[in-house]
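User: I have a model open and would like to go through it step by step. Could you help me read it?
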Amino acid sequence: FQGLCALDALRYRPDAVTAAFVRYLRETQCNDGSWREAAGRPPLEESSWVEMHFAVRALKAFPMAGEEQATERSLRRALEWLRRETPATLNERAFQVLGLGWGTEPRERLQPLVRALLDAQRSDGGRAQLPTLESDAWATGLTLFALHEAGDVSATDPAYQRGIEFLLRTQFEDGSCWVRNRTWPFQ
């Protein structure tokens, strides 16, 4: 799913490869409208919420000629799942906003979800993946991306600026940032 989003970001034109992936997406969608996450390595593979937002973007970005109705049904089921389910983490809330935003959810319906992301900002300007963790670059960067990309929050917004300041303040000289690993050490 991530690959299709990367291709969309590169403005890749739909072709036989993207059609095969979109067909696969539709065929692997669960009855409840979701896609199941298989790897379980947080934060990028934390839960079905991650898969949902990638799938919604892929379905929107690469429509298949002659199969519009099937794709629209799949997209509608995905958006219903995103509206119905309750995210448990900041990560999931950010992916919910992205999925609904890319699925063209009306702005007035997105506003309470956007407000929850804004309210998750800590006094240091950052955000944390879990309430028990410190603010980090992943949670802060993902939230800023969701707020701007789907939440219609301007980069000049004071809360957005405080998030950027956090990221700049916590990065190393080479531009990288340290994020505590939450993956169970199985490798």
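Analyst: The crossing of H5 and H6 is left-handed, that is, the near helix is turned anticlockwise from the far one by less than a right angle, and clockwise would be right-handed. Helices (H or I, at least four residues) and strands (E, at least two) are DSSP runs, numbered from the N terminus. The model is predicted, so local features need pLDDT of at least 70 and side-chain atom pairs count only at pLDDT 80 or more, while totals for chains, interfaces and linings use all residues. Residues are numbered from 1 along each chain as its sequence is written, and side-chain values use heavy atoms, with hydrogens and water left out.

User: At what angle do the axes of H5 and H6 cross?

Analyst: They cross at roughly 150 degrees, and the axes come within 10 Å. Axes are lines fitted to C-alpha atoms, for helices over the stretch in contact, and angles run from 0 to 180 degrees between N-to-C directions.

User: Which residues in H5 and H6 meet?

Analyst: From H5 there are Leu-90, Arg-93, Ala-94, Gln-96, Val-97, Leu-100 and Gly-101, and they meet Leu-110, Leu-113, Val-114 and Leu-117 in H6. The contact of H5 with H6 has 8 nonpolar, 2 polar and 1 charged residues. Here Ala, Val, Leu, Ile, Met, Phe, Trp, Tyr, Cys and Pro count as nonpolar, Asp, Glu, Lys and Arg as charged, and the others, Gly among them, as polar. Contact means heavy atoms within 4.5 Å.

User: What lies in the loop between H5 and H6?

Analyst: Thr-104 is in that loop, between helix H5 (90-102) and helix H6 (107-119). Thr-104 is not a glycine, yet it has a positive phi of about 60 degrees.

User: Is Thr-104 buried or exposed?

Analyst: Thr-104 is exposed, because its relative accessible area is 55%. Buried means under 20% relative accessible area, exposed over 50%, and partly exposed in between (1.4 Å probe, protein chains only).

User: Now the other loop, please. What is the phi of Arg-11?

Analyst: Arg-11 has a positive phi of about 60 degrees, although it is not a glycine. Arg-11 sits in the loop between helix H1 (2-9) and helix H2 (16-28), and it counts as exposed at 72% relative accessibility.

User: Which residues does Tyr-12 touch?

Analyst: Leaving out residues up to four places away in sequence, Tyr-12 touches Leu-7, Thr-18 and Phe-62. Tyr-12 also lies in the loop between H1 and H2. With Phe-62 it is 50 residues apart in sequence and 9.2 Å apart in space, C-alpha to C-alpha. Tyr-12 is partly exposed, with a relative accessible area of 35%.

User: Is Gly-125 buried or exposed?

Analyst: Gly-125 is buried, because its relative accessible area is 2%. Gly-125 is found in the loop between H6 and helix H7 (137-149). Gly-125 touches Thr-140, Arg-162, Gly-163 and Phe-166, not counting residues up to four places away in sequence.

User: Which residues line the largest pocket?

Analyst: The lining includes Phe-166 and Arg-180, and also Leu-133, Trp-178 and Cys-177 among others. The lining residues divide into 6 nonpolar, 2 polar and 3 charged. On a 1 Å grid over the protein atoms alone, a pocket is an open set of points where a 1.4 Å probe fits, with protein on both sides within 12 Å along at least five of seven lines, and lining residues have an atom within 4 Å of a point.

User: Where does Arg-180 lie?

Analyst: Arg-180 lies in the segment after helix H8 (158-170), and Arg-180 is partly exposed, with a relative accessible area of 48%.
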